[in-house]
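Work through the exercises below with the sequence and the 3D view at hand. Try each task before reading its solution.

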Amino acid sequence: MELTLTQPDDWHLHLRDGDLLKAVVPHSVSHYGRAIVMPNLKPPITTTAAAVAYRESILKALPASSNFTPLMTLYLTDTTSPDEIKLARKTGVVFAVKLYPAGATTNSQDGVTDLFGKCVHVLEEMVEQNMPLLVHGEVTDPIVDIFDREKVFIDTILQPLIQRLPQLKVVMEHITTMDAVKFVESCKEGFVAATVTPQHLVLNRNALFQGGLRPHNYCLPVLKREIHRQAVVSAVTSGSRKFFLGTDSAPHERGRKECACGCAGIYNAPVALSLYAKVFEEMGALDKLEAFTSFNGPDFYGLPRNTSKIKLTKIPWKVPEAFSFSFGDIIPMFAGNTLEWQPSLI
């Protein structure tokens, strides 16, 4: 069996920088036409000038024949100014602003500590500039159980934000719970949407502990109960325009995952499209796959859909055990396993 789809985009991607950027970018550009590139580097991409410079670094790292377009983002802080938002919009290369609650995930220590107390004027300018806010939707209060942090964020931050600024475009990134599904579905189409990762569609929290601790299945937001996984699967395969592809592919060198305090992040760029196809096939919804991978994202961002095509062939292929580079190994999601859908650009 073969499927021909409009070439997808990845609306949530970590490309890192330096040698790691050069190592991982080929896996994404071989499948996707564009990607929203996350800004949580060290130091973070907090200014338009830094975003432009990071974009140039990505373009220099691309294979010679690639037409891949990086869509840049700014890292929101307590001191981001409305003028920075205006400047970012004028460049034509910055497409969104990312909200990391301080301490929520990798390199988020410089994130926002008080959204309503310190960032309202910036958010108002984002409405004026039609600049989406991309949200890592978890509270960081240590009192809140890690499996409840998405729901608490919706109740205490996101719902009040939407009520205060109903014209602000918001993407709730990498949703993991039925609570997030219900929230997104309750919001006005065109103003609130969500990205969904392959790991949150095919794994539940048991995958962290089967046969021992599984560091390469550890990501943030953390995997949830099976009932939540099923709710997210039902949402993305329903045909709703509010959900679209965002891999949250997050590479780390093997030693930073397999250690006493391992990093959060799953490297899924080589396998994501295969896993999305698997999920849609199992739900009898392959006719809805193209909208999720290729239409809903650009439609929400107000960008044209890609005109190039990609082919998915149902033929078994084995995921490499590791990708080896001069700085070390990167372990991909489902390493050593056999998948059934193999993508290739036409």
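**Exercise 1. Parallel pairing**

Task: Find how many bridges join strand E7 to strand E8, and in which sense the two strands run.

Solution. Step 1: locate strand E7 at residues 170-172 and strand E8 at residues 192-196. Helices (H or I, at least four residues) and strands (E, at least two) are DSSP runs, numbered from the N terminus. Step 2: count the bridges; there are three, and the two strands run parallel. Two strands pair if DSSP finds at least two bridges between them. Step 3: pick out a facing residue: Val-171 has Ala-193 of E8 opposite.

Two notes on the source apply throughout. The model is predicted, and local features need pLDDT of at least 70, side-chain atom pairs count only at pLDDT 80 or more, while totals for chains, interfaces and linings use all residues. Residues are numbered from 1 along each chain as its sequence is written, and side-chain values use heavy atoms, with hydrogens and water left out.

**Exercise 2. The whole sheet**

Task: Give the order of the strands in the open sheet of eight strands, and name its edge strands.

Solution. Step 1: the order is E2-E3-E4-E5-E6-E7-E8-E9, with parallel pairing. Step 2: strand E2 (10-13) and strand E9 (243-245) are the edges, as each pairs on one side only. Step 3: on average, neighbouring strands of this sheet are turned by 30° against each other, direction ignored. Axes are lines fitted to C-alpha atoms, for helices over the stretch in contact, and angles run from 0 to 180 degrees between N-to-C directions.

Step 1: look inside the sheet. Strand E3 (residues 34-37) is joined to E4 by three bridges and runs parallel to E4; Ala-35 has Pro-70 as its bridge partner in E4. Six of the seven residues of strand E4 (residues 69-75) are buried, so E4 is largely enclosed by the rest of the structure. Buried means under 20% relative accessible area, exposed over 50%, partly exposed in between (1.4 Å probe, protein chains only).

**Exercise 3. Antiparallel pairing**

Task: Which strands pair with E10 in the antiparallel sense?

Solution. Step 1: strand E1 (residues 2-6) pairs with strand E10 (residues 309-318) over five bridges, antiparallel. Leu-3 has Leu-312 of E10 as its bridge partner. Step 2: E10 is also joined by seven bridges to strand E13 (residues 338-345), again antiparallel. Here Thr-313 is partnered by Gln-342 in E13.

**Exercise 4. Two sides of a helix**

Task: Which residues of helix H7 are buried, and why do they count as lying on the same side?

Solution. Step 1: in helix H7 (residues 178-186), the buried residues are Ala-180, Val-181, Phe-183 and Val-184. Step 2: they lie on the same side of H7 because they cover an arc of only 165° around the axis. The arc is that of the directions from the helix axis to the C-beta atoms. Step 3: the general rule is that an α-helix has 3.6 residues a turn, so residues three or four places apart point the same way. Step 4: the face turned away from the buried side carries the exposed residues Lys-182 and Ser-186.

Step 2: the buried residues of H7 pack against H6, E7, E8, helix H9 (226-236) and E9. Contact means heavy atoms within 4.5 Å. Helix H6 (residues 149-164) itself lies across strand E5 (94-99), strand E6 (133-135), E7 and E8, and runs at about 175° to E7.

**Exercise 5. Cysteines**

Task: How many disulfides does a search of the whole structure find?

Solution. Step 1: apply the cut-off: a disulfide is a pair of cysteine sulfur atoms within 2.5 Å. Step 2: the search finds zero. Step 3: take Cys-263, which is in no disulfide; the nearest cysteine sulfur, that of Cys-259, is 6.3 Å away. Step 4: Cys-263 counts as buried because its relative accessibility is 14%.
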